[in-house]
Amino acid sequence: MTSRVIAVVLNTRSAAGRSPHLRAQIEAHLQAPGVRLAWFEPERRARIDAVCADAARAGDRVVAVGGDGTVRSVAQAARATGTPMAIIPTGTYNYVARYHDIPEDIADAARLAATGTPRPTGVGDINGLLFFNHAAFGLYTRIIAARERHTAVLGRSRVTAVLSGLATLFNRYPIMRLHLAADGASRQVRANAVFFGANPLLLEAVDTAFAERCRGRCLGLVLMKHQSRVHVLGAALRALVGRLSAAPDFELGGVGAMDLDIRRRRRRLRISLDGEIIKLPLPLHLRYQADALALVRPDHD
């Protein structure tokens, strides 16, 4: 007799999602007496949010099988329904799984997803959309968008990523007039790029001590104040050796909540959200939510 339903959202377009044996391998470790598996496989990227919502409503637990983009979509639905979620990482980078010590081995991750304990987990939120890793805009978003265009033509490699970034840096260069409001105070600043990090693994690339201060407490704001292209190139080189925090035109800070607006005619802005480009209306409202959802993960708190 079935007593529990585990809903599985499988993204077959993720890096390891095309393996012909992936579904059988997962099934072997998720299946148990009294458990029914319900499979959801979005055929198109445009349908994934609707499919995730169906899965979160159908299951007593929902499992995301894919990269960080799939994990974010499943988490958005799980938070809305209050359904505990688990992760079987099959993406390229798997930052979410790595931060939460979820195994990248398929069998180990599936066993944890089936038997592990859901634990309160913090995420970032921007205008009602959840993110595990980052929300960013400005120069960063343009570099990500250009990298995807160039990767489609030249293939995915570190050389392609570096050349694409340089081409973007010396082509279109955004200068934004920001209005920031937090903790009862407001200010204005000109900037080229804004990055809110919820995952300390990404913030460690900027400054390890800064990442540790933000861990599980707040979003890490990396604000690149307006500067010349040459200065940006120098800062990028410093970032390679972990000294971005020493650059005078970069501001680092912890953010619990912030309202942000940009002085511009167009009131919709392209945002990079856990690596995917979306458009959101201005102003932006950002929050760190400490207990946003119940995620199955090892207990290292």
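Colleague: Which elements cover the buried residues of α5?

Modeller: In this predicted model, the cover of the buried residues of α5 includes β1 (4–10), α1 (22–30), β3 (61–66), β4 (85–89) and β15 (284–296). A residue is called buried when its relative accessible area is under 20%. By that reading, helix α5 (residues 106–115) is mostly covered, with seven of its ten residues buried.

Colleague: Which residues of α5 are buried?

Modeller: They are I106, A107, A109, A110, L112, A113 and A114.

Colleague: How many salt bridges does the structure hold?

Modeller: It holds ten. One of them joins the side chains of R23 and E41, at 2.9 Å from N to O. R23 is in helix α1 and E41 in the loop between β2 (35–40) and α2, so this pair ties together parts that are 18 residues apart in sequence. R23 has a relative accessible area of 34% and E41 one of 36%; R23 is therefore partly exposed, as is E41.

Colleague: What is the partner of R287 in a salt bridge?

Modeller: The partner is D259, with the closest N and O atoms 3.6 Å apart. This pair links distant parts of the chain, since R287 lies in strand β15 and D259 in strand β12 (residues 257–262), 28 residues apart.

Colleague: Is V51 buried or exposed?

Modeller: V51 has a relative accessible area of 10% and is therefore buried. This residue belongs to helix α2 (residues 48–58). Apart from neighbours within four places in sequence, V51 is in contact with F40 and P42. V51 and V9 are 42 residues apart in sequence, yet their C-alpha atoms are 7.9 Å apart.

Colleague: Which residues form a positive surface patch?

Modeller: The patch is formed by R264, R265, R266, R268, R270 and K279. Of these, R270 is found in strand β13 (residues 268–273). Its relative accessibility is 35%, so R270 counts as partly exposed.

Key:
Residues numbered from 1 in each chain as written. Predicted model: local features only at pLDDT ≥ 70, side-chain atom pairs only at ≥ 80, totals over all residues. Heavy atoms only, no water. Patch = residues over 30% accessible without salt bridge, like charges linked within 9 Å, V, L, I, M, F, W, Y side chains within 5 Å. Areas by Shrake-Rupley, 256 points an atom, 1.4 Å probe, with all protein chains shown as cover. Salt bridge = Lys/Arg side-chain N within 4 Å of Asp/Glu carboxyl O. Lys, Arg positive; Asp, Glu negative; His and termini not counted. Charge placed at Lys NZ, Arg CZ, Asp CG, Glu CD. Helix = DSSP H or I, 4+ residues; strand = E, 2+ residues; numbered from the N terminus. Buried < 20%, exposed > 50% of the residue type's maximum accessible area, 1.4 Å probe, protein only. Contact = heavy atoms within 4.5 Å.
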